[in-house]
Amino acid sequence: MDGFSRTPKEERLQTLARLIPEAFTEGKVDWEKLKAALGEDINFANERYVLNWAGKSDAFRIMQLPSSATLIPVREVSVDFDQTNNIFIEGENMETLKILQKSYFGKVKMIYIDPPYNTGNDSFIYPDRFAESREEYLRRIGDIDEDGTMIRESLFHKNSKENGQYHSNWLNMMMPRLYLAKSLLRDDGVIFVSIDDNEVHNLRLLMNEVFGEENFIGTIIWKKKTNGNNMGLIPSVHDYVISFSKNIHKIKESDFGFLLTKEHIKKSYSNPDNDPRGPWTTTDLSANHKGPHFGITNPLTKEVHFPANGRYWVFNEKEVQKRISEGRIIFGKTGKTKPVQKVFLKERELKRLKAESWWDKHGMNEDATAELNIIFDTAKVFVHAKPSIFIKKLIEISTSPNDIILDFFAGSGTTAHAVMQLNREDSGSRQYICVQMAEPCKPESEAYKAGYRTIADIAMERIRRAGQQIRQEIEVDREKQRRQLDLEDRTEPEMPDLGFKVFRLSESNFKQWRAVDGTNRQEWEQQMMDFINPVTPNATAVNMVYELLLKNGKDLNSTIEDKNGYTLVNSTEMALVLEKITPEIIDGLLAAKPDKVIVLDKLFEGNDQLKTNTALQMKDAGIPFRTI
């Protein structure tokens, strides 16, 4: 209700929409479809099977713009910065995905995202200002107030259903991010995207376009609540998770599914005869494929046993006799029945179970609520979180213990929590990269009242507390084991990586990498001046190290060593000189023999001879040398 009367135009359009709904696209008349619906012979423009929408080509253009931005480390809010391999990035996710391209191209095994569902009440970033320059866009996504919090009004756009480009805006937000995410996946990598009925149809078509229809893995129907509270004619109690691979031919079926560990199957094993080989169970000695067919005599009862009709023994006579003598073929636990195999737990090959499309046993919304209640003493700091057990199961079916997992709509940090939990369970060393913008919490929200100013603050605190919780649980388990008298199968639980490095999206530390308007003479003149002293006033040596690391394709977990006047990255992969240059430092560099040397050009100011000598010495040593 908006206080205005209806117009004749609105009445007629509503009547037409009821009669011929197929003639409307996003609430507007599609004249070609209307003519076709009325029986006219129409040749549709660019007729082919394709998903198209308003702004698609411009969204492509924005996606393809290179980024000059960087990530700066924030040690004060990190946990175990120097030891951890986990990454949390506070920043707008499309620009962050661009920054990660060089360092993480083809390295991520699994991506999970829970993007806005486009319910009509969502506020999110979409590239609707297609005329703006890259510099304008960077300024806009970096708008912050005096406390460093992003200004919501300058960045977020509410996408109401009354918007004439309601679906198009959502697609313009999603498409570039999915393309950028795809390039980060390994060839055998997979992506899972949560969604509901509002955009599931468009998401499937969009992912067909981005990943290729042939790489579709499946759609999981996740039962998220016990009832729909009578909302709608068919109350919804589920979400969808659409999954695609980067290259379906690179995925082994045996590597995709729930891994049955020995802990899962241990309950079906026992050791009633105290066999020194440990717990065991029995399996059939016959199979329905062709094989040996002979009589096996029970040494106790002298009864001769043959396979059942249509079945055959799995071993020949010689192997059967050998296994009887070894106690690997027995005649039941009493010794008086038919022959069976004795299978030991320690020798069992662990296989994966298929992850079917209906999930109703892997957590629900109420589990997420309970989880946040435990972690924060209230569930109201973040609404609509996913339960960590649900994300953990997605990670379990698609990764191995050493893989990288990415979530660039991190929300409350559930994915990071799930990675830590799974690593605890299977002693894995999976790493996560979580990206969440500093979206401000509303002043009237419970989160704001509890002291959290942004969603990123909530996520980081959730990861800290979840890590502490897991650490305490492991310490309790270790203490219990120390008190055990029975030492059989006793292994002390390993402590997973519970830390995380925090990075924040930032403009470049180097002036000459800023975007310049090609028609603006003053900007070109300023950039020429920037080459004299390219470093921004607020740049620090450590921030420059990480920027150069990223721009040279080194990942954020690279080893960084401060030497006498220079910094080494990954032992000898790259050397950086950012604060001063002397003949002694040059001698140290030559002795270290790095693969590449980068020096700030301004350090040679007033000493062209030292610069020339350095270049010649590096050339003679076969070391690529560059100044910036």
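**Helix packing, strand pairing and cysteines in a predicted model**

Helices H18 and H19 are roughly parallel to each other, a label given to angles under 35 degrees, with over 145 counted as roughly antiparallel, 65 to 115 as roughly perpendicular and the rest as oblique. The two helices, H18 (residues 583-592) and H19 (residues 608-620), pack at an angle of about 10°, and their axes are 11 Å apart. On the H18 side the contact is made by Pro583, Ile586, Asp587, Leu589 and Leu590, and on the H19 side by Leu610, Thr614, Gln617 and Met618; contact means heavy atoms within 4.5 Å. By class, this contact has 6 nonpolar, 2 polar and 1 charged residues, where Ala, Val, Leu, Ile, Met, Phe, Trp, Tyr, Cys and Pro count as nonpolar, Asp, Glu, Lys and Arg as charged, and the others, Gly among them, as polar. Axes are lines fitted to C-alpha atoms, for helices over the stretch in contact, and angles run from 0 to 180 degrees between N-to-C directions.

The model is predicted: local features need pLDDT of at least 70 and side-chain atom pairs count only at pLDDT 80 or more, whereas totals for chains, interfaces and linings use all residues. Residues are numbered from 1 along each chain as its sequence is written, and side-chain values use heavy atoms, with hydrogens and water left out. Helices (H or I, at least four residues) and strands (E, at least two) are DSSP runs, numbered from the N terminus.

Elsewhere, strand S9 (residues 216-223) runs antiparallel to S10 (residues 238-245), joined by 7 bridges. S9 also pairs with S20 (residues 358-359), in the parallel sense over 2 bridges. Isoleucine 221 has tyrosine 240 as its bridge partner in S10 and stands opposite tryptophan 358 in S20.

A search of the whole structure finds 0 disulfides, defined as pairs of cysteine sulfur atoms within 2.5 Å. Cysteine 434 is buried at a relative accessible area of 1%, and cysteine 441 counts as buried at 7% (buried, under 20% relative accessible area; exposed, over 50%; partly exposed, in between; 1.4 Å probe, protein chains only).

Note on methods
Two strands pair if DSSP finds at least two bridges between them.
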